[in-house]
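The following exercises concern the structure shown below. Each consists of a task and a solution in steps.

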Amino acid sequence: MHYSLEETQWSEDWATLVSLATRPGSSLEQLHVFALAHVLRRPILVYGVKYVKSFRGEDIGYARFQGVYLPLLWDNSFCIRSPVALGYTRGHFSALVAIEPEPPHPQPPSASTTPHSHSLHVNFLPLVDHDNKLLPVHFVTHAEAGGEEALLRQWLDVCMTDSGLLVAKQRLSKRPLLVAQMLEEWLNHYRRLAQMSNAPFSARPIPVQDYSSDGDSDDE
């Protein structure tokens with residue numbers, strides 16, 4: 001059909017998205033996830049519900065967030081191939097984080113053991129939905145449409161499982177010291193809250209908002 005928007009329409013749409021992004025509590029768009037992939041310089045996989053529901057549980061529209069967001073405006077050699085995984089449901093995004101493996105038992109050093117031999121863990125993230133259909137790759141050009149699987153192999157470490165599922169490898173290395181310290185401080189914050197709430201003859205503490213997420217919204 002060779003249909004394309006005029007420059008004025010592109011400018012109006014962009015201004016609308018920028019305006020929405022500056023309003024606290026406003027809903028995100030697919031473009032924001034696409035932009036985040038470029039900030040992080042790594043692919044983002046979103047697993048989500050198909051329909052947006054009202055507070056009554058009625059379907060009011062398609063969610064359209066599920067899929068793969070690649071940092072296509074970067075050169076792929078400049079980007080990380082290990083993806084970030086997010087979940088989308090009830091109008092909110094959540095980080096999908098795998099359970100950390102148990103630390104390996106100490107072994108005597110040998111010629112085949114390297115300092116980083118146990119510092120890497122690999123998770124396998126599906127690139128298909130429950131019907132075994134390829135997840136949509138958002139913001140591809142007309143020339144790239146139809147070649148999504150080849151595009152995924154270009155930007156991700158892709159393999160097939162024994163059952164025939166297409167998956168991406170998410171490589172997890174040892175947590176940096178600064179990140180480990182931040183996580184421990186965050187956990188200690190909630191440990192203290194739990195101790196205060198369980199202590200006898202003590203008033204229940206006021207909920208702290210520093211680390212909590214926004215509640216569910218009815219405007220879905």
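**Exercise 1.** State which residues Val33 touches, not counting residues up to four places away in sequence.

*Solution.* Step 1: a contact means heavy atoms within 4.5 Å. Step 2: under the stated exclusion, Val33 touches Ile44, Val46, Phe65, Tyr69 and Phe93. Step 3: Val33 itself is found in helix 2, residues 30-40; helices (H or I, at least four residues) and strands (E, at least two) are DSSP runs, numbered from the N terminus. Step 4: the C-alpha atoms of Val33 and Leu45, 12 residues apart along the chain, are separated by 9.6 Å.

The model is predicted: local features need pLDDT of at least 70, side-chain atom pairs count only at pLDDT 80 or more, and totals for chains, interfaces and linings use all residues. Residues are numbered from 1 along each chain as its sequence is written, and side-chain values use heavy atoms, with hydrogens and water left out.

**Exercise 2.** Classify Val33 and Leu36: is each buried, partly exposed or exposed?

*Solution.* Step 1: buried means under 20% relative accessible area, exposed over 50%, and partly exposed in between (1.4 Å probe, protein chains only). Step 2: Val33 has a relative accessible area of 5%, and is therefore buried. Step 3: Leu36 also belongs to helix 2. Step 4: Leu36 counts as partly exposed because its relative accessibility is 36%.

**Exercise 3.** Locate His138 and describe its surroundings.

*Solution.* Step 1: His138 lies in the loop between strand 7 (120-126) and helix 3 (148-155). Step 2: with a relative accessible area of 12%, His138 is buried. Step 3: leaving out residues up to four places away in sequence, His138 touches Gln30, Arg64, Phe65, Gln66, Gly67, Val68, Tyr69 and Leu72. Step 4: the side chain of His138 reaches the backbone oxygen of Gln66 at 2.9 Å.

**Exercise 4.** Describe the protein as a whole: how many helices and strands are there, and in what order do the elements run?

*Solution.* Step 1: the secondary structure comes to four helices and nine strands. Step 2: from the N terminus on, the order is α-α-β-β-β-β-β-β-β-α-β-β-α. Step 3: of the 220 residues in the protein, 20% are buried. Step 4: among contacts with a separation of 6 or more, 64% are accounted for by residues 24 or more positions apart.

Notes:
Polar contact = N/O pair within 3.5 Å; in protein donor to acceptor, adjacent residues only side chain to side chain.
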